[in-house]
Amino acid sequence: MAEIWKNITSVDFWWGLLKSFQHLGPLAPIILSMIESFVPPLPMVAIVTINVAAHGPFLGFLYSWVGTCVGCTLVFLFFRHVFQKLAVRVSDKHPKIMKARNWVGGMNAPTLFMLVLLPFTPSAFLNFAFGVSEYSRRKYLFTLYFGKLIMIALLAVIGQSAVSALENPWYLVLSGGVLVCTYILSKLATKLKVRYNKNMKYIFFDLDGTLAKTSPGVLDSFNYALSKFGIKEENKERQRQIMGPPLTVSFKELYGLSDEDTETAIKHYRKFYEDGAYKNAPLYDGIETTLRALKKKGYILMVVTSKPKYLAERVINYLNIEWYFHSIVGPVEEKKNSDKAELIEKAMKILGLTDCSKVVMVGDRRYDMAAAKKLGATAVGALYGYGTKDELDEAGADYIVEDPKEIIDIVEKI
């Protein structure tokens, strides 16, 4: 085994492999680079070095970058579409696996960029880990392409001296220092932007009934769970009350289920919802126009929802609006009660905020309004959602909108 490892990590091995496929022209270096995306231990440094030596710095860089990007995309999409549902079911039974998936799914772009930038980070491992997580597909691939671009360009500049340079410990120390400094500076820039931009505003959106009309999928899943207890719900007002609060509240307060039955009901709900019901959640008319306008003005947008974080990410990604949001904040486990004020505080902590005066909470239920008022944020009630005007007024809404596009003018006034 040691001898095999020694062979595949040697420059001579890859040089010989490249020569054997020389008749394929440009496809040879591209395929060579693609292989690294599938097999974890293969050395990207050696592959780039060989491509540069055979085709020159520019073409060697280009072939290497195209090959690794195509390979990584194929592996990532394979795990995303084939194994993601299985990973969800496995993580439901194993809390440690769920914790790992949530950690990967919540990773910020600078951290991922730093991992991609390291030439010794196995691409195959990243493709697997992020493929089975709820991480945004677009965000992952964009960060991957850009990180690989920088990393391979640096290796191409080093060229044939890459391997010998890496044998020098001072080179490793210097490279590591540059990467760490890049990461620290990116994080510091974000914090300084938040802290010192006095005109910055932060808009937190609820998901159900505010961004998307999720009631069809939610109610189908809820009724499926109730049917397991012999309950059939046809009361329209009762169905409206289901939308908004955490599931634990709905199952216990509206239907009087015990703690044990509530946990079982949530498992039935989750299975039905994850199997496809979550897709039955169209965006409200005017929402994407509103998000685009707010984003263009430079405001920071976040999703703050009582829906479990991984489910919220799945809905947001399916709707293709993940690019508008800095982060998605939700409880880690659905069976635990989640206070909306605590979720808003968590969102503020992510941004490094201590003052709510520039925060706008947009939601359709009293829970959103009450939490915003408790923390001193501006409360905007979405009347187009599932709440009523009386409910929003009584909870202390500062503004009530009937059309999402009205949110733009309100944010401008604050």
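# Aromatic pairs and salt bridges in a predicted model

Phe146 has a relative accessible area of 42% and is therefore partly exposed, since that class lies between the buried limit of under 20% and the exposed limit of over 50%. The structure described here is a predicted model.

## Overall composition

The protein contains 22 helices and 6 strands. Of its 414 residues, 49% are buried. Its exposed surface comes to about 20,200 Å², with carbon and sulfur atoms supplying 61% of that area. When contacts between residues at least 6 apart in sequence are considered, 72% of them join residues at least 24 apart.

## Aromatic side chains

The protein has 17 aromatic pairs. One of them is formed by Phe113 and Phe146, whose rings are stacked, with 5.5 Å from centre to centre and 25 degrees between the planes. Because Phe113 belongs to helix H8 (residues 109-117) and Phe146 to helix H10 (residues 137-158), this pair ties together parts that are 33 residues apart in sequence. Phe113 is buried, at a relative accessible area of 17%.

In a further pair, the ring centres of Phe222 and Phe251 lie 4.3 Å apart and the planes meet at 5 degrees, so this pair is stacked as well.

Elsewhere, the ring of Tyr278 has the charged end of Arg314 over it, at 5.6 Å from the ring centre.

## Salt bridges

Side chains of opposite charge can pair when their charged atoms come close. The model has 11 salt bridges, and the table lists examples.

| Salt bridge | Distance, N to O |
|---|---|
| Lys309 and Glu313 | 2.5 Å |
| Lys389 and Asp393 | 2.9 Å |
| Lys297 and Glu412 | 3.9 Å |

Lys297 is partly exposed, with a relative accessible area of 44%. Glu412 is also partly exposed, at 38%.

Glu313 counts as buried, with 7% relative accessibility. Lys309 is buried too, at 17%.

A corresponding arrangement occurs in helix H21 (residues 389-394), where Asp393 and Lys389 are 4 residues apart and so separated by about one helical turn. These two residues are, however, partly exposed: the relative accessibility is 38% for Asp393 and 46% for Lys389.

Finally, salt bridges can be followed through a network, in which Asp206, Lys340 and Asp368 are linked.

Technical notes: Residues are numbered from 1 along each chain as its sequence is written. This is a predicted model: local features need pLDDT of at least 70, side-chain atom pairs count only at pLDDT 80 or more; totals for chains, interfaces and linings use all residues. Side-chain values use heavy atoms; hydrogens and water are left out. A salt bridge is a side-chain nitrogen of Lys or Arg within 4 Å of a carboxyl oxygen of Asp or Glu. Buried means under 20% relative accessible area, exposed over 50%, partly exposed in between (1.4 Å probe, protein chains only). Helices (H or I, at least four residues) and strands (E, at least two) are DSSP runs, numbered from the N terminus. Contact means heavy atoms within 4.5 Å. Accessible areas come from the Shrake-Rupley method with a 1.4 Å probe; for residues, only the protein chains shown count as cover. Rings of Phe, Tyr and Trp (its six-membered ring) pair if their centres lie within 6.5 Å; planes under 30 degrees apart count as stacked, over 60 as edge-to-face and the rest as tilted. A charge sits over a ring if NZ of Lys or CZ of Arg is within 6 Å of the ring centre and within 35 degrees of the ring normal.
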